Structures are given as C-alpha cells and as structure tokens.
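Here is a short briefing on a protein structure. Look at the chains first, then read the points below.

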Amino acid sequence: MLNSGIDVLFQGINLQRLLLGLWVTARIALISIILSFFFGILFGVLRTTGPKAVKVVLRLYLELFRIIPILVWLFVFYFVLPADFEINLSAEVVSILVFSLWGAAEMSDIVRGAVISLPVHQAESGKALGLSVWQLYRHVLIPQAMKRTLPPAINLATRLIKTTALLVMIGVIEVIKVGQQIIEQSSTEYPTAAFWVYAFIFVLYFIICYPLSAVSRRLERKWAA
Amino acid sequence: MSNEPVLLQVNNLTKRFGEKTILNGLSLAVPKGKVFVILGPSGCGKSTFLRCLNGLEPVQDGAIVLDGENLTAKKTDWRSVRQKVGMVFQSYDLFPNMTVIDNILLGPLKVQKRNKDEALQQARELLTRVGLADRETAYPRELSGGQKQRIAIVRALCMNPEIMLFDEVTASLDPEMVREVLEVILNLAKQGMTMLIVTHEMQFARMVADEVIFMDKGDICEAGPPEDFFTSPKTDRAKQFLNILQF
C-alpha cells in the first residue's frame with residue numbers, strides 16, 4: 001500500500017506544485033531573514049549605545065513580539081488592519097512584515113547580548129585611540145560580536161523558516177498548503193497520500209535548514225581557530 | 001624642579017562615584033619630557049586618575065590642562081585629545097579580530113586619516129624598535145602576553161602622542177615577560193617621552209622616574225625625586241607602604 005502511494009508525488013504536476021510552494025516558503029523566509037538581520041543588528045547596536053528613550057522603546061518592541069504569539073500578529077496584520085484601518089496588504093507582504101518584525105526583535109537581543117559580553121577593555125582601548133562610536137562598532141565591537149552572534153542567529157533563521165508553516169492560516173499558498181490541496185484531491189485514489197506528501201515536505205524542510213546548520217558549524221570552527 | 005614647560009597641569013581634580021570620593025582635589029604639574037611614576041596602595045585612585053586624563057572617566061570638579069587646552073571645559077573634543085594622549089592598559093587589549101599591523105594602523109588611518117605608506121613605515125620602525133618586526137601579520141592570539149603588551153605600546157605610539165599613560169601594564173604578565181615590556185618603557189624615557197606610569201614594580205619605578213608621586217585616599221600624599229622617596233620617605237603613610245613592600 002505505502003509503496004504504491006509514493007506515486008502521488010509524481011502524479012500530474014504535483015511535484016512541480018510542491019516545489020513552487022517551497023519556493024514561496026523559501027522566498028518569504030529569505031527576505032524576512034535578510035531584513036531581520038539588517039534591522040536586528042541596527043536595533044541591537046542601538047540598544048547598547050543609543051539614547052535611553054530609544055532603548056526603552058526597542059525593549060518594549062522586543063517584549064511585544066515575545067509575549068504575543070506570531071499567529072496573533074499575522075491575524076492582526078491580515079484581518080484587523082484591513083477591517084479597521086482599511087490597510088490592505090497581500091498575505092505575502094503581511095508574512096514578510098510580521099516575520100521581519102519578529103526576527104529583527106529577536107536578532108536585536110542576540111546582537112545586544114553579544115556586544116555587552118565583550119570585555120569592557122575592548123571598547124575602552126578603542127576609545128583611547130580616538131575612535132568615534134561608529135568606528136568603534138564598525139571595526140572593533142561588531143566584528144567580534146558577530147562570532148558570538150552566529151550560532152543563535154542561525155538558530156533564529158531556522159526558526160523563521162519553520163514558522164512559515166503558520167502562513168497557511170492567512171491563506172498563503174506555501175508548501176504545506178499545496179501539500180494539503182494535493183492530499184485532498186488524491187485521497188480517494190491514494191489513501192496513503194498524506195504520508196507521502198508530508199514525508200516529502202519533511203525532506204524539503206530538511207534540505208533548506210540543514211545547510212544552514214552545516215555552514216554555521218563550519219564558520220564556528222574556522223573562527224574558533 | 002625643571003625648566004621645561006609644563007605639558008600637563010592638573011588642578012584640584014575631584015572624582016566621585018556616587019557618594020564615594022575617588023580623587024580628592026588632586027593637583028599635579030608634569031613638565032614636558034619628564035617621567036612621573038605614580039605609586040600607592042590599591043584603591044588609592046591612581047588608575048582612575050589616569051583614566052580621567054583622557055576622558056574615560058568624567059570628573060566632578062577641578063581642571064585638567066594639556067598643552068594649554070582645558071580638558072574639563074564643557075565642549076571638550078575627547079577624540080582629538082585622545083590622539084595626543086596615548087594609553088596602555090593592564091589587560092592586553094589588542095583587538096583580537098585584527099592582525100598586529102592592523103591593530104597598530106587602525107588609529108593612524110581611521111582616526112588621523114594619515115597616508116597609508118607613511119603610517120605603515122612608522123609602524124614598522126616602531127615594531128623594529130620593540131623587537132617584533134617579524135610579527136606584523138600575526139594575530140594577537142598567537143602572541144605571548146609580553147609581546148601583546150609591546151604591540152599595545154607601539155599602537156599607542158604610532159598616533160604620535162605628546163604624553164603616554166601606562167596603567168599597571170606589567171601587572172598581569174608572567175614575571176619573565178615583565179622585563180621586555182619595562183625595557184621598552186625605559187627606552188621611551190631615554191628618548192624624552194613624557195609619561196605617567198602607574199606601577200607596582202619598585203625597582204623599575206626607581207630607575208625610570210624623574211618624580212615619584214605617592215598617592216593615598218585619592219590625593220597625593222608625597223612627591224619627590226625617586227632617591228629621596230625610596231631612601232627617606234617623609235610621610236608615615238609612605239614609610240608604611242615601603243615597609244610592606246620590603247618583605
């Protein structure tokens with residue numbers, strides 16, 4: 001029974017549809033990760049050196065994204081904004097927006113932690129040379145902090161990729177949604193379709209996430225030397 | 001005491017951390033080309049004093065005048081002051097993400113915007129002088145503590161400072177490496193560099209100092225030429241301090 005079920009993947013354009021769904025997942029994740037890292041580094045640095053008010057606001061922002069489930073944020077941006085404020089964003093834009101806001105918040109905490117874990121003498125000897133705050137971060141603190149940032153940042157990236165599964169709930173046709181559609185269409189013909197489709201999706205997620213961990217491990221080893 | 005013009009003048013310097021007074025109205029005049037060694041028990045404020053001189057610690061009262069410029073005025077541009085005041089710390093504080101030469105050139109190129117060839121040439125001369133010309137492309141982790149500290153001195157010197165501050169630069173070195181660092185400082189003294197040195201190396205202090213400053217409880221307790229201080233200290237506190245050291 002199970003043996004024959006694998007054919008469901010090659011039925012019609014099913015494989016192509018799944019891979020297109022994966023592309024939607026990967027595209028949303030990739031754009032969100034890039035924006036998260038960029039703004040996360042910026043916010044993280046501001047949280048170590050910015051004015052008090054900026055620090056407070058950024059802290060509040062982080063806590064909001066930690067306390068409130070991502071699904072709720074997706075609903076707020078997808079259903080509440082159009083209904084109450086007449087702001088209509090496509091599901092994909094909402095996804096990228098919410099994921100980037102969430103990722104940047106988490107990344108800012110990772111960067112801040114890495115910067116404040118550096119020995120205080122590093123900043124002092126930089127200042128003693130006459131470096132400006134920007135130069136100090138650019139040449140001394142950020143390069144050193146990045147090494148400490150890498151493992152948690154890769155972890156965050158894989159979390160962002162995995163959490164794209166939630167986007168089914170606001171109607172994004174990503175890989176899981178496509179999988180569900182295929183299962184529904186073929187369940188009479190292939191009773192084991194669910195097994196094979198989800199097994200395939202499992203492999204697809206693994207293919208995206210595993211290289212990230214591998215790269216991270218390699219860089220860690222290289223930098224540890 | 002000296003006919004040289006005063007390079008650094010400190011008047012009534014007061015530094016407090018909350019309720020605690022660290023520097024209690026300290027005054028000092030350092031003529032150009034002289035070496036002042038600051039001694040004193042730990043917690044007497046000697047490190048804090050050095051840190052105040054290049055703005056790493058804000059002060060509450062008093063004046064610091066360097067080369068005619070009042071640093072305790074409201075709008076002090078500490079970045080330009082720090083180019084004139086070289087400082088070396090106790091911890092080997094090279095930047096681990098850069099090679100030796102990049103460590104040395106960071107200030108000259110990024111802060112002083114100097115010509116690369118000219119700065120590189122000076123850096124190499126200085127490295128040769130401290131006996132580390134062959135370690136240019138090494139990373140700090142490949143160097144011994146003594147080598148790191150000599151590089152840190154070169155890094156400060158390459159900014160062409162007018163005065164050098166040394167904050168217990170040999171305190172965390174293995175004993176056999178102390179000498180190589182102290183020799184570098186002795187050579188600087190011979191070349192006429194103005195220096196303020198906080199140290200616990202009494203032999204060295206006696207050898208290098210033009211003037212010994214003995215600090216206690218945030219103020220200068222006694223000051224004078226090293227021979228006078230070490231052979232016949234005037235204050236009881238200084239006598240006590242020296243007795244403890246003569247184990």
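This is a predicted model: local features need pLDDT of at least 70, side-chain atom pairs count only at pLDDT 80 or more; totals for chains, interfaces and linings use all residues.

Residues are numbered from 1 along each chain as its sequence is written, chains are lettered from A and ligands numbered from 1 in the order in which they are written, and side-chain values use heavy atoms, without hydrogens and water.

**The nonpolar core**

- The largest nonpolar core holds 69 residues. Such a core is a set of buried Ala, Val, Leu, Ile, Met, Phe, Trp, Tyr and Cys residues joined through side-chain atoms within 4.5 Å.
- Buried means under 20% relative accessible area, exposed means over 50%, and partly exposed lies in between (1.4 Å probe, protein chains only).
- Residues with the most contacts inside this core include A:Val8, A:Leu18, A:Ile70 and A:Val175.
- Elements that give two or more residues to this core include helix H2 (14-49) and helix H5 (91-116) of chain A, as well as helix H3 (100-111) of chain B. Helices (H or I, at least four residues) and strands (E, at least two) are DSSP runs, numbered from the N terminus.
- H5(A) gives the largest share of this core, 13 residues.
- In soluble globular proteins, nonpolar side chains tend to be buried together.

**A covered helix in chain B**

- Helix H1 (residues 46-53) of chain B is mostly covered, with seven of its eight residues buried.
- Among them are B:Lys46, B:Phe49, B:Arg51 and B:Cys52.
- B:Gly55 follows H1(B) and has a positive phi, near 80 degrees.
- B:Arg51 forms a salt bridge with B:Glu57, their closest N and O atoms being 3.0 Å apart. Both B:Arg51 and B:Glu57 are buried.

**Salt bridges**

- The whole structure has 19 salt bridges over all chains. A salt bridge is a side-chain nitrogen of Lys or Arg within 4 Å of a carboxyl oxygen of Asp or Glu.
- A:Arg66 meets A:Glu106 in a salt bridge (3.3 Å, N to O). A:Arg66 lies in helix H3 and A:Glu106 in helix H5 of chain A, so this pair ties together parts that are 40 residues apart in sequence.
- A:Arg66 is partly exposed at 41% relative accessible area, whereas A:Glu106 is buried at 10%.
- A:Arg66 also meets A:Asp109 in a salt bridge (2.9 Å, N to O). A:Asp109 lies in helix H5 of chain A, so this pair ties together parts that are 43 residues apart in sequence.
- Salt bridges with shared partners join A:Arg47, A:Arg66, A:Glu106, A:Asp109 and A:Arg159 into one network.

**Surface patches**

- Patches are made of residues with over 30% relative accessible area and no salt bridge: like charges are joined within 9 Å, nonpolar side chains (Val, Leu, Ile, Met, Phe, Trp, Tyr) within 5 Å.
- A:Arg138, B:Arg79, B:Lys110 and B:Lys113 gather in a patch of positive charge on the surface.
- A:Arg138 sits in helix H7 (residues 133-163) of chain A and is partly exposed, at 44% relative accessibility.
- A nonpolar surface patch includes A:Ile31, A:Phe38 and A:Leu42. A:Leu42 lies in helix H2 of chain A and is partly exposed, at 42%.

**A loop residue in chain B**

- B:Ala138 lies in the loop between helix H4 (116-129) and helix H5 (145-157) of chain B. B:Ala138 is buried, at 4% relative accessible area.

Notes
Accessible areas come from the Shrake-Rupley method with a 1.4 Å probe; for residues, only the protein chains shown count as cover. Lys and Arg count as positive and Asp and Glu as negative; His and the chain ends are not counted. The place of a charge is taken as NZ of Lys, CZ of Arg, CG of Asp or CD of Glu.
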